[in-house]
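Here is a quick tour for anyone meeting this structure for the first time. Have a look at it before reading on.

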Amino acid sequence: MYLKIQNGKEQYAKIAEVAIGPGHFDRFIVTDKADMELMKKFRRNIGCSPRDCSIYQLHPRATKEKYPTPAPPEGVETVTSVLNIENIMAFNYLVDNCKIDESALADSKDASEHALLVTDSSGRESIRGKVKKVFFMPNGDHWEAKGGSRMMVSHDRPLKQTIGVDRSRAIDAGKIEIRALEQELIRNKKEEDAVKDALLELKKAWNYSRKEHQSLQKKIKDMETNLENLKAEAETSEEVPTIDTSEMEADIREAEEALEDVKKRETAILEEIEALHPGIEEHKRRLDEVAARNEKIIDDLEKAEATVENIVKGRNRRLENVEKLRVKVQQCEETLKQQQVLIVNHEEKVSKALQGARRMHFFYVREKNKLDSVAENGGDVEEANREPTNEELEEIEPVCPEKDSKHYKAKLVAKQKKIETERSRRSITEVDPAVAREKYLRAKKDLDSKMEQINAIDQATTALEVDLKERKKRWRQFRSHIAQMTNLSFDEFLGKKGSSGEIEFDHDHGRLNLIVQKDQNDQGSQTKDVKALSGGERSFTTLSLLLAIGESLETPFRVMDEFDVFLDPLARKIALNTLITTAKEMEHRQFIFITPQDLSSLKTDPKLKIFQMRPPARNVSVGGPQQQTLDFDNH
């Protein structure tokens, strides 16, 4: 209600709300602690949470006049220059809490940097003037300079506008414009009626002239027909009668003169009609312009009326909300008065109950001391039975219980029943307080000893659980590390043949899935089905998998038998070189490779030895032995 956007600066409304921040438009502002406490009571009575009904206390001096704020820098706006805040407390609150005089608003990031960014000779960046943050459109992002460097902060949420625009002047101007448009509409209607009347008169004159012209044309055609008939009769007649044609000639001359007059009048009428055509077209054009302008004025008038109606409806809604809030405040005031009466009654009851509780506490302490003194040396009976003084009662500080008296009363009854039950179950007949207290102390000592043992066991259990969790965590890390290293080794071994691959470890289901790409430069050659590979490709993939997994195993011996049977010569050479290189690098392991292939191309060294079996001696006899010896030749 107190915040509006300046007329003509509506484009900055959304980023101005981003600069102010959330949670500031619906706060209540007070100036002293009494009002603060009163508003808190209202909030509790109506059941409003502190988040929905937040209260802020302002210094009393901030209610007298607005804080002086500097004008915005050239090329940008500030929140104070964009907002129209009439209420002094609202303005000073936003300056204190939202720093609206230090938040600049710009049309774009480049415009803001051009207007406010300052870079010195050493490359340190700062903001010109008192501005601390610079917000810019279209998304409400902002930047600020800290420690000589600029920092950008993005605004990911969609922009929204809840601040209204100050349209009072626009409404007044709209009303004046509506009145002017109505007057202009009346003038245009009058002008339109005059043009229509003139057009009607011209149409009537044109119709009359056209009828007269048609009538003259008909007479001329009739006379021409009669003349032609007379000439035909004169030529076909055998005897030329003597006819007195003087009267006919006179009639003919009169007819010719009338014909000439008619032609002249026809020409004049046609000229007049031609002369009237531009005027008619001009009046039609003006009529169309006036009609179009009237339609535009009517549309503008309807839009202005709709705008005024929306403004009036919004004002009525705000007035209804204010009236509802006023009713709520009155209800809260009535509730407050009722609560004050209840508080006075409860204070009297609390005072009496507090006095009784202090007496009970005094008697409890007295009885306890009495039991202690009786157990030691008999005690002073007269001192133990005296009444407490007011000073002694005032010195007793009340303890605020966590629950109401009914709970403790029920608890006391339950304890008494439990005591009676235990006395009957244990067959306790002792009524001497001193003896009973001595037994209690011995039992309490035994209980404390047992509780210490239980606490020690609980601590050991907790420590074991923590250690178990840590061991599981390290085991998962170790398992993940083994999987990563195996995956890297598998891809590295396949890369020596121009392929690539990946191992998917499914620890939850205990499965191992292979993804092989035959050509490491062709994504289309990738497959997850190992059966789709050829025999040599599948053998090389299996060999790469065994080598990758073997690096994470702790077995001292590794034996591979006929690993290169299905490999082509190139793959066999790459696989054999890879196995030998891997075996030489892992000197703490011993590798044994058995193959029927020719190994004459390999050179032995202290780390590589080749043992070749002698060909078996064949016996040609049927049923004889097929192999005679298993001796080795050491090469």
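## Before we start

This is a predicted model, so to speak about it: local features need pLDDT of at least 70, side-chain atom pairs count only at pLDDT 80 or more, and totals for chains, interfaces and linings use all residues. Residues are numbered from 1 along each chain as its sequence is written, and side-chain values use heavy atoms, with hydrogens and water left out.

A few words on names. Helices (H or I, at least four residues) and strands (E, at least two) are DSSP runs, numbered from the N terminus. As for cover, a residue is buried under 20% relative accessible area, exposed over 50%, and partly exposed in between, using a 1.4 Å probe and protein chains only.

## The nonpolar cores

Let's go inside. A nonpolar core here is a set of buried Ala, Val, Leu, Ile, Met, Phe, Trp, Tyr and Cys residues joined through side-chain atoms within 4.5 Å. The largest one has 23 residues, and Ile20, Val79, Leu83, Ile85, Leu94, Ile100 and Leu105 have the most contacts inside it. At least two residues of this core come from each of β1 (3–5), α1 (13–20), α3 (79–82), β5 (83–85) and α4 (88–98). Apart from it lies another core, this one of 22 residues, including Phe493, Leu543, Leu567 and Ile574. As background, nonpolar side chains tend to be buried together in soluble globular proteins.

You'll find Ile85 in strand β5, and it counts as buried because its relative accessible area is 4%. Ile85 and Ile5 are 80 residues apart in sequence, while their C-alpha atoms are 8.7 Å apart in space.

Gln161 sits in the loop between β11 (149–153) and β12 (164–165). Its relative accessibility is 36%, so Gln161 counts as partly exposed.

## Salt bridges

How many salt bridges does the count come to? With a salt bridge taken as a side-chain nitrogen of Lys or Arg within 4 Å of a carboxyl oxygen of Asp or Glu, the count comes to 10. Some of them join up: Lys109, Glu113, Glu125 and Arg150 are linked in a network.

Others pair residues within a helix. Glu323 bridges to Arg326, with the closest N and O atoms 2.8 Å apart. These two are about one helical turn from each other because they are 3 residues apart in helix α7 (residues 246–377). Glu323 is partly exposed at 43%, and Arg326 is partly exposed at 41%.

Helix α11 has pairs of this kind too. Asp448 and Lys444 form a salt bridge with closest N and O atoms 3.2 Å apart; both lie in α11, 4 residues or about one turn apart. Asp448, at 34%, is partly exposed, and so is Lys444 at 35%. Then there is Glu470 with Arg474, where the closest N and O atoms are 3.3 Å apart. Glu470 and Arg474 are 4 residues apart in α11, so about one helical turn separates them. Glu470 is partly exposed at 33%, whereas Arg474 is exposed at 55%.

## Patches on the surface

Patches are made of residues with over 30% relative accessible area and no salt bridge; like charges are joined within 9 Å, and nonpolar side chains (Val, Leu, Ile, Met, Phe, Trp, Tyr) within 5 Å. Lys and Arg count as positive, Asp and Glu as negative, and His and the chain ends are not counted. Each charge is placed at NZ of Lys, CZ of Arg, CG of Asp or CD of Glu. Accessible areas come from the Shrake-Rupley method with a 1.4 Å probe, and for residues only the protein chains shown count as cover.

The negative patch is formed by Asp491, Glu492, Glu502, Glu504, Glu551 and Glu585. Helix α11 (433–495) and strand β13 (500–506) each supply at least two of its residues. Glu585 belongs to helix α13 (residues 569–585) and is exposed, at 62%. A positive patch gathers Lys4, Arg315, Arg317 and Arg318, and α7 gives the most to it, with 3 residues. Finally, Leu447, Met451 and Ile454 form a nonpolar patch with about 260 Å² of accessible area together; Leu447 is found in helix α11.
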